[in-house]
Amino acid sequence: MAVKIIAPGLSTTVQDLGRPGYYHLGIPISGGMDRFALRAANMLVGNDESAAVLEAVFMGPEIEFTTAATVAVTGGELPPKVNGDERPTWEAFPVKAGDKLSFGFLKSGARAYIAVSGGIDVPVKLGSRSTYTLGALGGHEGRALKAGDSLPLGQGGAGKGAVPANLRRGPGNPAELRMLPGLYWHRITAEAGKQFFADTWKVAPEADRIGYRFKGGKALDFVPRTPPFGAGSDPSNIVDACYPYGSVQVPSGTEPIVLHRDAVSGGGYMMLGTIISADMDLIGQLQPHSPARFVEVTLDQALAARHDRQAAIARVRDHLQR
Amino acid sequence: MQPTPSAPIFRPIAERAVLVEFGTTLDHAAHDAVLRLDQALAAQPFAGFREAVPAFVNLLVEFDPATTDHTTTIAHLRSLLTAKATTRPQPALREVLVCYDAELASDLATVATQTGLTPQAVINAHLAGDYAVFMYGFAPGYAYLGGVPEAIRLDRKPAPVRNIPAGSVIIAGAQCLVTTLLMPTGWWIIGRSPTRILTDDPARPFLFDVGDKVRFRRIGRAEYEAAL
């Protein structure tokens, strides 16, 4: 029981919900960039929500099945095809042994999640099957997939219908990324703070699993200071600190970087704030050059948004169990 | 208000995390307070505790907001701070080999020029440093060592240089680090180490524990090649 990779796409990796618990050693949480879509894909094929799936970026892989299975593709609109015939996204469909799954051009979003009944059964490393390519850890041999790879499948269950459009979630245009102003907000002037939230930014080409860089907004003005002992001399430098997932750092005050699932765990650039967990999935679906705004929220609003996101996942779960 | 080791500031940095700040400048008392709280928390976690990440002068505490909240988390952390101070275990001393061969130390000459020392004096100063592991950060196994002598402290480079090989011994300010991956760095490359930082042991994946003391021992190129 396996899937064979005929063509890998641009960068296709095995991901599950991630590898928490090792950040103190510099090992990031990894896992799907859009975990809402990853969970939904698993639910559709009858897997545990935490099963490992394939995360494809911008371009789909071509896959051959050695066994009959149920498949679902969620996340960005990357139209799946079985032996050349198009299948819907966000909906379970069957494949037979020998069938080939390929994809059309990406219509929207950035990342598609390809779940197969039984889950991708690569070895668990430090508690997760997720691939962390920089550290050559987890997934299939710690790397993005290549033509000729064969991935084992677990024991699968039955498929479960479709997720209707009103229960799906994707970024708006511009994407609105809610941010809790953070630790070093006081380092920038009040005017710079206002401008930061007023500007429409664009995703820079440097946008990957480590972090998303944004450009096009006005450079930040800093409040003058004497650099604290142990920090660098740039006004954006701090004494090296830990970065939570979602941290917004602005090296030299020019281009904000939102740290994502394969983030560096700490460093010497000030964090302007933290993107709330509920909106990190949206970032995973942004293509380079797409517009985005940062929206200021309070801690209470962030907690409410987290609750809403869990309720959205529960609605998908309830719908599919009906 | 500035945080101090005896009066830390608790910052709700994310909807699922609190950052405990014991100071804002590199300071041993603040770092000791970080390690004490990290250890006390490991010994007495609270319901919903997920993970703690120590840095130089602050500790990141992540929790599950479905189980607990910021107020409860901060109250628990405060109670740990006021509890009887736990004695820290004796730190281990780790030896790290370093080869300063010019081919493996692309910035040694520049560091010498900028500090007004000879390359030999830079090497002697680096070997004389009293190093301790302050934190893991940035990438897997990147153990931040504090203790670079004053004479060779330089600001970071203006821009990072890409594709610096694993094993590079790099310095910036009071910090030193032995890299474990091919990564960019804006620090100064003064040598290369064959010492394996990655242990392949899942229970303890890296050589150092935070708090360990570290001593560098100089080796020649032949010994470096043999040790690889």
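Q: What separates the centres of domain 1 of chain A and domain 2 of chain A, taken over C-alpha atoms?
A: In this predicted model, the two centres are 29 Å apart. Domain 1 of chain A spans 2-167 and domain 2 of chain A spans 175-310. The contact draws on 27 residues from domain 1 of chain A and 21 residues from domain 2 of chain A.

Q: Why is the pair Arg209(A) and Glu55(A) called a salt bridge?
A: The closest N and O atoms of Arg209(A) and Glu55(A) are 2.9 Å apart. The cut-off is 4 Å, between a side-chain nitrogen of Lys or Arg and a carboxyl oxygen of Asp or Glu. The pair therefore counts as a salt bridge.

Q: How many residue pairs are in polar contact across the interface of domain 1 of chain A and domain 2 of chain A?
A: The rule finds 17, with both residues at pLDDT 80 or more. On the domain 1 side of chain A, S10(A) gives the largest share, five residues. That side divides into twelve nonpolar, eleven polar and four charged residues.

Q: How much area is buried between domain 1 of chain A and domain 2 of chain A, and what share comes from carbon and sulfur atoms?
A: About 1800 Å² is buried, and carbon and sulfur atoms give 46% of it.

Q: What do domain 1 of chain B and domain 2 of chain B bury between them?
A: They bury about 660 Å², 83% of it on carbon and sulfur atoms. Helix H1 (residues 28-43) of chain B gives the largest share of the domain 1 side, three residues. That side has five nonpolar, two polar and no charged residues.

How values were computed
Residues are numbered from 1 along each chain as its sequence is written. Chains are lettered from A and ligands numbered from 1 in the order in which they are written. This is a predicted model: local features need pLDDT of at least 70, side-chain atom pairs count only at pLDDT 80 or more; totals for chains, interfaces and linings use all residues. Side-chain values use heavy atoms; hydrogens and water are left out. Buried area is the accessible area (1.4 Å probe) that two parts lose on being put together, summed over both. Helices (H or I, at least four residues) and strands (E, at least two) are DSSP runs, numbered from the N terminus. Ala, Val, Leu, Ile, Met, Phe, Trp, Tyr, Cys and Pro count as nonpolar, Asp, Glu, Lys and Arg as charged, and the others, Gly among them, as polar. Domain bounds come from an automatic or database domain assignment. Contact means heavy atoms within 4.5 Å. A polar contact is a pair of N or O atoms within 3.5 Å; within protein, one must be able to donate a hydrogen and the other to accept it, and residues adjacent in sequence count only if both atoms are side-chain atoms.
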